[in-house]
Number of protein chains: 2
Amino acid sequence: MPRTVDHAQRRAQITDGLVRVAAREGLHAVTMRSVAAASGVSLRLVQYYFDSKAQLMRAALERLEAQSHARWAARLAALAPDPSARAVVETCLAEALPTDEESRAFHVVWTAYASLAMTDPSLAEQPFADGPRRLERALTGVLERARRDDELMAGAEPAHEAARLLALGHGLGTSVLVGQRSAGDAADVLRYHVDRLFTSAVRRGARTGGTGTSGVPASPP
Amino acid sequence: MPRTVDHAQRRAQITDGLVRVAAREGLHAVTMRSVAAASGVSLRLVQYYFDSKAQLMRAALERLEAQSHARWAARLAALAPDPSARAVVETCLAEALPTDEESRAFHVVWTAYASLAMTDPSLAEQPFADGPRRLERALTGVLERARRDDELMAGAEPAHEAARLLALGHGLGTSVLVGQRSAGDAADVLRYHVDRLFTSAVRRGARTGGTGTSGVPASPP
DNA sequence: TTGTTCGTGATACGTCTGTATCATAACGAG
DNA sequence: CTCGTTATGATACAGACGTATCACGAACAA
């Protein structure tokens with residue numbers, strides 16, 4: 001074989017260019033040429049690594065999902081061993097808010113893809129329906145254990161609470177993206193919500209019981 | 001003047017065509033030609049009533065907003081005179097969920113516009129930031145009066161609760177749009193939330209006190 | 001009736017898009 | 001060294017897009 005270049009890296013370089021274009025000018029400004037320019041390669045190269053624009057778009061979405069999952073897993077891993085349910089919940093929701101510019105870029109592009117998926121079922125039923133469903137199930141598990149440990153407010157139902165948390169996180173994130181409120185204000189509302197979900201006892205550093213497994217899947221979809 | 005046609009009606013006919021196209025194939029499929037075909041007129045007519053595509057897009061967004069406000073006002077007007085705060089809140093949130101096909105179409109297109117607005121500030125800061133802000137203020141007013149009447153759970157802060165309600169409504173609506181959950185499930189979560197916001201007394205048909213004004217603005221933005 | 005303006009149609013133009021084609025440089029196997 | 005596969009560049013092509021232009025019918029004012 002002749003000189004070999006790391007294909008995966010090249011593909012990542014190009015999809016990252018796509019994300020930059022989409023974050024700055026919107027997903028409608030993503031063309032084979034604009035992506036090539038943004039990633040510093042020629043149009044031909046984009047064609048070489050992605051047979052069609054549809055493939056390129058799908059690859060970029062998959063990369064976004066993988067990156068998001070990586071950030072999320074890293075935050076969970078940075079937690080103290082055997083973390084409290086409240087810590088896990090807050091960690092899961094911390095990624096939902098666009099706090100810095102990089103996070104904002106991610107959410108802008110992700111939202112644009114979600115909007116696309118609403119009229120194009122072929123494009124990613126998995127990331128937008130399956131992904132959140134799995135996350136919601138995982139959160140439900142965490143909350144069920146929290147309830148057994150008496151960390152939850154009376155009358156809280158884990159499944160409904162998980163749905164509420166995720167929907168609230170998404171809704172607040174969107175409100176920040178459109179400029180309705182600041183990320184700080186959104187974080188306040190989120191804290192207000194979590195304060196009313198858990199018993200007001202001081203945050204304990206570790207749970208008192210449990211199976212040892214965190215209940216949150218560690219591998220990407 | 002020669003034979004006169006109702007310009008406003010023609011413009012409405014065309015923007016409605018745009019919304020149909022956008023709801024079925026996405027906002028990226030909206031072209032001067034596709035809109036013309038969907039509204040049963042010639043390309044030239046679309047150009048005649050809208051000088052540019054940007055104007056057409058803005059007009060369609062304004063019509064969407066006006067229609068949404070009309071539906072919302074109609075629901076409020078259909079309520080019993082001097083309605084309970086809970087009834088007002090539930091009415092405001094009922095529109096947030098895409099329950100039927102028409103509502104789904106509206107939300108799909110609205111979301112696509114919101115996604116556009118994130119990278120194109122010129123397009124509508126008002127509908128996406130100002131509008132929700134005003135709605136949130138109005139809801140806050142309703143909740144403040146409800147608190148005075150002891151209809152709210154202990155410790156509820158009207159401003160935070162209003163933000164929570166709106167964010168939750170939007171988040172749940174989006175989860176329905178992407179197929180993550182059914183509209184019925186979303187309504188269950190919403191009811192779960194409202195049940196925990198108001199005191200669990202049976203819903204009263206009318207408030208006991210108040211100024212007489214509903215606290216909700218009656219005219220469009 | 002005549003004329004001027006509004007409303008409508010058909011069609012053309014330049015640009016940008018996704019994709020395809022031709023050509024060639026780099027590099028390892030034989 | 002030579003050859004064939006891999007990687008990259010320059011350019012071409014057909015279609016769709018937004019917009020502009022030319023042309024004609026329809027209706028009221030004079």
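**Conventions.** I number residues from 1 along each chain as its sequence is written, and I letter chains from A and number ligands from 1 in the order in which they are written. Since the model is predicted, I keep local features only at pLDDT of at least 70 and side-chain atom pairs only at pLDDT 80 or more, while totals for chains, interfaces and linings use all residues; side-chain values use heavy atoms, with hydrogens and water left out.

**Entry 1, the interface.** I looked up contacts, meaning heavy atoms within 4.5 Å, and noted that 43 residues from chain A and 43 residues from chain B take part. The size of an interface is often given as the accessible area lost when the parts come together. Taking buried area as the accessible area (1.4 Å probe) that two parts lose on being put together, summed over both, I read about 3400 Å² for chain A and chain B, with 61% of it on carbon and sulfur atoms.

In one salt bridge the side chain of B:E136 meets that of A:R181, at 3.2 Å from N to O. For a polar contact I took a pair of N or O atoms within 3.5 Å, where within protein one must be able to donate a hydrogen and the other to accept it, and where residues adjacent in sequence count only if both atoms are side-chain atoms; between chain A and chain B I noted 18 residue pairs of this kind, both residues at pLDDT 80 or more. Helices here are DSSP runs (H or I, at least four residues), numbered from the N terminus. On the side of chain A that touches chain B, at least two residues each come from helix 1 (7-25), helix 6 (101-119), helix 7 (125-148), helix 8 (158-177) and helix 9 (183-195), and helix 8 of chain A gives the largest share, 11 residues.

Superposing the copies by least squares on the C-alpha atoms of residues with pLDDT of at least 70 in both, I found that chain A can be laid on chain B with an RMSD of 0.0 Å by a turn of 180 degrees and a shift of 0.0 Å along the axis. That is the relation of a two-fold axis. I also noted that 100% of the interface residues of chain A are interface residues in chain B, so the copies meet through the same surface.

I placed B:L56 in helix 4 (residues 53-78) of chain B, where B:L56 is buried at 0% relative accessibility. Leaving aside neighbours within four places in sequence, B:L56 is in contact with several residues, including B:I14, B:L18, B:M32 and B:F50.

The loop between helix 4 (53-78) and helix 5 (85-94) of chain A holds A:D82, which has a positive phi of about 55 degrees although it is not a glycine. A:D82 is partly exposed, at a relative accessible area of 34%.

Methods
Salt bridge = Lys/Arg side-chain N within 4 Å of Asp/Glu carboxyl O. Buried < 20%, exposed > 50% of the residue type's maximum accessible area, 1.4 Å probe, protein only.
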